[in-house]
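Opened my notebook for a quick look through this one.

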Amino acid sequence: MKPDIHPEYVECTVTCACGNSFTTRATVSAINVDVCAECHPFFTGQQRLVDTAGQVERFERRRRRARVKA
């Protein structure tokens, strides 16, 4: 590695919007995040499936109504 071109690597506290925090290392001393592994739906098992069939049906209904009006 070339000397004097790399940023300083310091201990960093990562704080989530849910209140969870943990320590890691980074080039900044503090990081704020919106979602972490403690509150993300994928990791908590509370993930909801999106009803894409219902969305397609609603789109088709709107398209048919627009054709009738035109």
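**Asp 4**

I looked up Asp 4 and found it exposed, with a relative accessible area of 83%. It is a predicted model, which I'm keeping in mind throughout. Asp 4 sits in the segment before strand 1. I checked its backbone too: Asp 4 has a positive phi of about 65 degrees, although it is not a glycine.

**Strands**

Next I went through the pairing. Strand 1 (residues 10–16) runs antiparallel to strand 2 (residues 21–26), and six bridges join them. I picked out Cys 12 and found its bridge partner in strand 2 to be Thr 24. Strands 1 and 2 form a hairpin with four residues between them. In that turn I noted Gly 19, with a positive phi of about 105 degrees.

On to strand 3 (residues 30–33), which pairs with strand 1 in the parallel sense over four bridges. Here I looked up Thr 13, and its bridge partner in strand 3 is Ala 30.

**Cysteines**

How many disulfides does a search of the whole structure find? I got zero. Cys 18 is in no disulfide, and its nearest cysteine sulfur, that of Cys 16, is 3.5 Å away. I have Cys 18 down as partly exposed, at a relative accessible area of 43%.

Then I checked Cys 36. Its sulfur is 3.5 Å from the closest cysteine sulfur, in Cys 16, so that is too far for a bond. My cut-off for a disulfide was sulfur atoms within 2.5 Å. Cys 36 counts as buried, at 8% relative accessibility.

Notes. Residues are numbered from 1 along each chain as its sequence is written. This is a predicted model: local features need pLDDT of at least 70, side-chain atom pairs count only at pLDDT 80 or more; totals for chains, interfaces and linings use all residues. Side-chain values use heavy atoms; hydrogens and water are left out. Two strands pair if DSSP finds at least two bridges between them. Helices (H or I, at least four residues) and strands (E, at least two) are DSSP runs, numbered from the N terminus. Buried means under 20% relative accessible area, exposed over 50%, partly exposed in between (1.4 Å probe, protein chains only).
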